[in-house]
Each structure stands twice: as structure tokens, then as C-alpha cells.
Amino acid sequence: MTRPASLEGRYFPRSSSGSVDAYLSGTPDSLEITLADDEAAQPVLFQSVTDRLGNVARKISFQDGSVFECSDNDAVDAFFDHGSSFFGRLTRAESSWKFVGFAAIATVAVLIGIYRYGLPAMASAAASVTPASISKLIDAGALDTVDRVLFSESSLEEDRKAELTTLFGKLVKTSGESSPPLRLLFRNGGRIGANAIALPGGTIILTDQLVALAEKDDEIAGVLAHEIGHVSGRHSLKQIYRVLGIGFMVTIIGGDSGQIVEDVIAQAVAIESLSYSRKFESEADRHSVSVMLEADRDPYAFVDLLDRVVGAATKDAKETATDDTGWLSTHPGNADRRRDVAAHVEAIKGKE
Ligand SMILES: [Zn+2]
């Protein structure tokens with residue numbers, strides 16, 4: 001819309017409750033009010049114009065306290081938003097205030113969301129919009145931390161590593177998972193023994209102890225498929241957000257991540273962050289079952305391995321009087337697992 005020469009509306013003179021039909025015309029430097037029943041134009045000095053709000057008539061206030069009201073929103077916008085003029089600049093300043101307003105509203109919306117839907121739901125939402133670059137940073141930091149506090153170098157034979165890496169590659173392909181790019185690392189599990197963990201950026205770590213407990217490769221394959229399920233479900237990221245809470249989410253999504261990510265690297269990806277909820281566990285189990293069936297492998301094998309891990313952990317616990325060893329420390333709720341796996345196998349086979 002080109003800028004109209006004048007606006008048609010009603011004029012409310014200062015200290016008068018009544019109004020008269022009038023026109024507002026002129027340029028930014030010299031505005032004039034012309035009353036409909038009086039040909040003589042009177043100069044007015046612009047003070048403010050109200051924001052557009054649905055079909056509500058706009059009020060243009062002048063420095064003498066008088067007001068001009070116009071219900072043609074488009075005409076008002078065109079009249080005042082005029083290139084690099086004084087009014088144009090003013091309108092843009094107002095727009096940036098509007099932006100601040102939107103930011104405030106967005107913050108309130110997040111808080112209401114947390115109140116209504118809870119932190120887990122908001123953590124999930126945050127995880128799904130976290131950029132890959134950030135997941136990678138957290139991944140690298142987490143690896144650094146677990147390498148420092150938990151793991152030591154793997155003593156698996158290179159040939160064995162190569163075999164398992166090939167197996168892992170096939171499972172990733174079957175999963176159809178490409179983002180984030182997944183990789184498999186081998187470590188000595190140290191105090192957490194037989195275990196496998198998935199970091200947020202797609203790094204999966206398999207411990208020597210778990211490999212040693214396995215009686216066949218299908219068992220390891222099932223565990224790897226389970227961990228791939230954790231990555232594709234973004235479970236570690238969600239877990240980290242839950243642990244760290246709202247402020248962290250807002251900062252990461254907002255992109256101001258430098259120091260915060262370093263803080264995460266320093267502390268938050270402690271092993272507690274990698275203890276998944278039962279819901280995440282069954283999601284990962286179902287992912288494992290789907291992938292294993294798709295790959296023509298035994299979907300139950302990994303449960304056998306987990307039973308053995310639990311057995312070993314229980315034995316260790318008796319011997320060392322600690323209970324934070326093995327898969328149990330990061331993968332709670334093993335009891336119902338076999339039943340759920342069986343149910344999922346049946347569900348998939350039933351569809352075929
Ligand atoms: Zn798991």
C-alpha cells in the first residue's frame with residue numbers, strides 16, 4: 001500500500017470528551033488536523049501511535065494531549081511506516097520492543113508448558129530441537145569425562161574389535177540411522193564392568209567385560225541395537241536436560257552455549273545422567289527387537305546376556321559389597337524386560 005496523503009477519522013481535542021470527524025495529513029515534520037466542518041488546518045505534534053491489535057481503531061496521540069482515532073489499520077500503517085523517515089525509525093524501534101515482548105511471551109509459554117506437561121515432556125521437546133553441533137560438543141565432553149573417571153583402554157584384540165565394528169555398521173544400516181552419525185568405541189569398563197553406553201552425539205561405548213560375558217555375537221548385536229535405540233530416541237540428551245533443568249534448556253536452544261556446555265562437560269554428564277528411565281529402556285529394547293528381526297538375528301539373545309550381567313553383578317556385589325557395578329547401574333528394571341521383549345516380538349510378527 002502506498003502512503004496515503006491523509007487519514008480519515010475522528011479527532012478528540014484536548015480536555016474534551018466529544019469528537020469531531022477529521023483528517024490527519026502532512027509529513028512527519030508537519031502534521032495537520034483538518035476538521036470536517038472547518039476548512040482551516042491546525043498543526044499538531046506527533047507523540048505516539050497505538051499498536052495494531054485486530055480491528056481495534058488506532059489512536060494517534062499528539063503532544064498537546066489531543067487524539068486522532070482511525071479505524072483503517074492498513075492506512076495507518078502505510079501513513080506511519082515510511083522508509084527511513086522519523087516515523088519509520090520509530091516504528092522499527094517499536095518492532096524491536098515487540099520482539100522483546102515475544103521473547104517474554106515465549107519464556108512464559110515454556111514455563112506454562114513445564115507446569116502443564118512436566119519437565120520430561122519439555123526436555124523431550126528441547127532435545128528434539130537441539131542442533132547437532134551442540135550434541136557433538138556434549139558427546140565429546142561426555143567421552144572425555146567417562147574416559148577420565150570410569151574407563152581405561154580396551155584390551156580387546158584388534159581383530160575382535162574389527163569384527164564387532166563391522167557388526168555395528170550393519171546394525172546401524174538396518175536401523176536406518178544416519179543422524180547423528182554413529183560410531184562404536186571399545187573401553188575397559190573399570191568400576192562399571194560389563195556395560196554399554198550411548199552418548200548424545202552418537203558415540204556408543206562397549207566395555208571389554210560385556211564382550212567377555214557374551215556367548216554369541218547375537219547377544220552383543222542386541223545390546224548394540226539397544227544402544228542405537230538410545231541414540232535415535234535422543235535419550236541421553238533428554239536425560240541430561242531433565243537432570244540439568246530448565247535454565248540449561250533455554251540457554252542451549254537460544255544458542256548461547258559456550259560456557260554452559262563446558263559446565264556440562266565438567267560435571268553434568270556424570271554417569272547418573274546416563275541412567276535411563278524405564279520408558280527409555282523399553283523404547284530402546286523395542287528398537288533392538290525391530291532391528292534384530294529385520295537383520296534376521298535372535299531378538300531374545302541380548303536378554304540372555306543381560307541376565308548373565310545381572311548374575312555377574314549380583315555375584316560381584318556379594319564379593320565386594322558394592323551395587324554400582326555393571327549394566328544394572330545404568331540400566332535399571334531388568335525384571336520385566338524379557339516379557340516386554342516377547343510382547344514386542346509377537347507384535348511385529350503379528351503384523352507380518
Ligand atoms: Zn539402555
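At what angle do helix 4 and helix 6 pack, and how far apart are their axes? The views below start with the whole chain and come back to that pair.

**View 1. The whole protein, a predicted model, at a glance.** Local features here need pLDDT of at least 70, side-chain atom pairs count only at pLDDT 80 or more, and totals for chains, interfaces and linings use all residues. Residues are numbered from 1 along each chain as its sequence is written. The protein has 13 helices and eleven strands (DSSP runs numbered from the N terminus: H or I of at least four residues for helices, E of at least two for strands). Of its 352 residues, 35% are buried, meaning that 20 or more other C-beta atoms lie within 10 Å of a residue's own, with C-beta atoms placed from the backbone.

**View 2. Helix 4 against helix 6.** Here's the pair from the opening: helix 4 (residues 158-175) and helix 6 (residues 217-232) pack at an angle of about 50 degrees, with their axes 10 Å apart. Axes are lines fitted to C-alpha atoms over the stretch in contact, and angles run from 0 to 180 degrees between N-to-C directions. That makes helix 4 oblique to helix 6 (under 35 degrees is roughly parallel, over 145 roughly antiparallel, 65 to 115 roughly perpendicular, and the rest oblique). Among the residues that meet are Leu164, Leu171 and Ser175 in helix 4, and Ile220, Leu224 and Ile228 in helix 6. Contact means C-beta atoms, placed from the backbone, within 7 Å.

**View 3. Inside the largest nonpolar core.** Such a core is a set of buried Ala, Val, Leu, Ile, Met, Phe, Trp, Tyr and Cys residues joined through C-beta atoms within 7 Å. Leaving aside residues up to four places away in sequence, Leu305 touches Leu213, Ala214, Glu219 and Val223.

View 4. Strand 9 (residues 183-188) runs antiparallel to strand 8 (residues 152-153), with two bridges; Ser152 partners Asn188. Five bridges join strand 9 to strand 11 (residues 203-207) in parallel, and Arg187 partners Thr207. Strand 10 and strand 11 are antiparallel, joined by three bridges.

Key: A residue is buried if 20 or more other C-beta atoms lie within 10 Å of its own, exposed if 12 or fewer, and partly exposed in between; C-beta atoms are placed from the backbone. Two residues are in contact if their C-beta atoms, placed from the backbone, lie within 7 Å. Two strands pair if DSSP finds at least two bridges between them.
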